[in-house]
Amino acid sequence: GSEMCIRDSDIIKERFGKMSRIELLNSVHEYLPEGSRFTISNSEELNELGDFIGLVRVDFNKAPGPAEKWLMTLAQADFFLAAPGVCMPMSHNVIEAMAVGTIPFIEYGEYFDPPLEHGVNCIAIKGKDDLREKLGQLMTMSTDEIAVLHEGVKAYYDRHLRPKAVVNRLLSLEGNPSRVYLNAHRSNRG
């Protein structure tokens, strides 16, 4: 049967052993000091941040939001907090971030094929304790260390996630599959 997912469910934890979206976001807010968290609702506010170091949350519920400039907004960040999807760990937002070279801060990097590598093309976290430690490391990374990660993300995206690379990989599979299955959490079949 069809299954509905709710935002504060434990499906991600129960099925995949990962922090839920809500748990991850709440933990980040708990671990980062008050002055290192900021919420924006438009591109002008983002530009006013200058060299702000910390978590910038983009609130799409306020109008006018930066949704029309999403990739440009992502490109201004060094890191992207890759919260999981609601019912599955993978969320398309992390691929959008990688498309502009923004470094994933992620708990489910092993679900990529090939897996993302900590310190090469992502900052990998494993649970709340590791999250706290890695947040501290992010806040003190040098610009050279960050630049190396940016290059690793760009190389990974170009090799494995760019649309042409994905199509070429599918075409190179033995027997050229005539059916491709998409990762979907529910079926619309009657």
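Modeller: First, a definition: helices (H or I, at least four residues) and strands (E, at least two) are DSSP runs, numbered from the N terminus. The model is predicted: local features need pLDDT of at least 70, side-chain atom pairs count only at pLDDT 80 or more, and totals for chains, interfaces and linings use all residues. Residues are numbered from 1 along each chain as its sequence is written, and side-chain values use heavy atoms, with hydrogens and water left out.

Biologist: In what order do the elements of the protein run from the N terminus on?

Modeller: The protein has 8 helices and 5 strands. From the N terminus on, the order is α-α-β-α-β-α-β-α-β-β-α-α-α.

Biologist: What percentage of the residues of the protein count as buried?

Modeller: Buried means under 20% relative accessible area, exposed over 50%, partly exposed in between (1.4 Å probe, protein chains only). The protein has 190 residues, and the buried share is 37%.

Biologist: Why is the pair α2 and α6 called oblique?

Modeller: Axes are lines fitted to C-alpha atoms, for helices over the stretch in contact, and angles run from 0 to 180 degrees between N-to-C directions. Angles under 35 degrees count as roughly parallel, over 145 as roughly antiparallel, 65 to 115 as roughly perpendicular and the rest as oblique. α2 and α6 are therefore oblique to each other. The axes of α2 (residues 21–31) and α6 (residues 127–138) come within 10 Å and cross at roughly 45°.

Biologist: Which residues of α6 make the contact with α2?

Modeller: Contact means heavy atoms within 4.5 Å. The α2 side consists of E23, L24, S27, V28, E30 and Y31. From α6 come K128, L131, R132 and L135.

Biologist: Is S27 buried or exposed, and what is its relative accessible area?

Modeller: S27 is found in helix α2. Leaving out residues up to four places away in sequence, S27 touches K128 and L131. S27 is buried, and its relative accessible area is 2%.

Biologist: What is the relative accessible area of K134?

Modeller: K134 is found in helix α6. Aside from neighbours within four places in sequence, K134 is in contact with F105, H118, I123, A124 and I125. K134 is buried, with a relative accessible area of 10%.

Biologist: How far apart are the axes of α7 and α8?

Modeller: α7 and helix α8 (residues 163–172) pack at an angle of about 40°. That makes α7 oblique to α8. Their axes lie apart by 6 Å.

Biologist: Which residues of α8 make the contact with α7?

Modeller: α7 brings Y157, D158, R159, H160 and L161. α8 brings P163, A165 and V166.

Biologist: Where is P114 placed?

Modeller: The peptide bond from D113 to P114 is cis, with omega near 0°. P114 sits in the loop between β4 and β5 (123–124).
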